[in-house]
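Welcome! Please keep the viewer open as you read.

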Amino acid sequence: GDIVADLLAGKIRPALAASLLQVRQEKIERARERGKRVHLALHYLFEDDLDDDSLDDEVRGYLASARRYLDKHVQHAYRVEFRVWSLRNWYAGTCDLLALHDDGLVSVDDFKTGDPADVAAHLQTAGYLAALLEMARGDRALDLQLKARGPVVNRRSIRLFRDGRPGRETAYADPRDFTKFLVLTSLAFTIGQFWIAGQSWLRRR
């Protein structure tokens with residue numbers, strides 16, 4: 001269950017909650033570091049500049065998983081590891097892949113080395129797609145890529161596996177995802193402002 005909820009409900013003691021939260025944070029940090037290494041390898045793979053001998057066993061497995069997925073499902077990569085941004089809603093990020101898939105549709109893709117649901121990949125890809133559509137208004141090449149196979153652009157996460165089995169995709173089509181994404185980013189901004197204000201208050205004490 002949720003650690004904070006269990007603590008507030010009196011189901012676990014504060015010391016245990018603190019220990020569990022620390023373990024969770026360490027797990028998140030390890031996953032984040034792993035994700036960075038895998039994404040760097042993917043960048044070199046797409047650039048056709050990858051030195052396989054430079055990979056450790058963990059990254060090699062995830063990369064094999066990506067290769068098997070790409071060979072089977074991706075027909076053409078338009079853009080890889082590229083920045084996206086929205087001036088209208090004030091956010092930015094790095095999109096992993098804009099590609100034509102074997103279903104005949106262009107897709108915004110995001111690679112994950114863990115469960116995509118844990119990091120709300122459905123909302124993340126919605127943010128990427130909205131930013132791309134906004135950017136395309138002033139970028140003719142991007143506009144043509146997005147419309148290469150009609151008006152529909154898919155969103156997917158691709159979970160990669162350490163054992164090298166083919167990546168598993170999850171498609172997203174809920175039109176409410178972008179609204180949820182904006183709510184989440186607004187909440188994160190508000191929390192950040194409160195944290196900054198709190199730190200400033202503590203320094204003045």
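**Around helix α3**

The buried residues of α3 are covered by elements that include α2 (14-46), β1, β2, β3, β4 (153-159) and β5 (168-172). Bear in mind that this is a predicted model. The points below begin with this helix and then turn to the strands and the cores.

**Helix α3**
- The buried residues of this helix are Glu58, Val59, Gly61, Tyr62, Leu63, Ser65, Ala66, Tyr69, Leu70 and His73.
- Helix α3 covers residues 57-73, and its 17 residues should span 24 Å at 1.5 Å a residue, which agrees with the 25 Å between its end C-alpha atoms.
- Where α3 starts, the backbone nitrogen of Glu58 lies within 3.0 Å of a side-chain oxygen of Asp56.

**The β1 and β2 hairpin**
- Strands β1 and β2 run antiparallel and are joined by 10 bridges.
- His76 has Leu100 in β2 as its bridge partner.
- Between the two strands of this hairpin there are 4 residues, and Trp90 takes a positive phi near 60°.

**The nonpolar cores**
- The largest nonpolar core has 19 residues, of which Val84, Leu98, Val108, Leu132, Leu142 and Leu146 touch the most other members.
- Two or more residues of this core come from each of β1 (74-86), β2 (91-101), β3 (106-112), α4 (121-136) and α5 (140-146).
- The most comes from α4, which gives 7 residues to this core.
- Another core lies apart from this one; it has 18 residues, including Ala41, Leu42, Val59 and Ile158.
- Leaving aside residues up to four places away in sequence, Leu146 touches Leu98, Val106, Leu132, Leu133, Ala136 and Val153.

Key:
Residues are numbered from 1 along each chain as its sequence is written. This is a predicted model: local features need pLDDT of at least 70, side-chain atom pairs count only at pLDDT 80 or more; totals for chains, interfaces and linings use all residues. Side-chain values use heavy atoms; hydrogens and water are left out. A nonpolar core is a set of buried Ala, Val, Leu, Ile, Met, Phe, Trp, Tyr and Cys residues joined through side-chain atoms within 4.5 Å. Buried means under 20% relative accessible area, exposed over 50%, partly exposed in between (1.4 Å probe, protein chains only). Contact means heavy atoms within 4.5 Å. Two strands pair if DSSP finds at least two bridges between them. The expected span of a helix is 1.5 Å times one less than its number of residues. A polar contact is a pair of N or O atoms within 3.5 Å; within protein, one must be able to donate a hydrogen and the other to accept it, and residues adjacent in sequence count only if both atoms are side-chain atoms.
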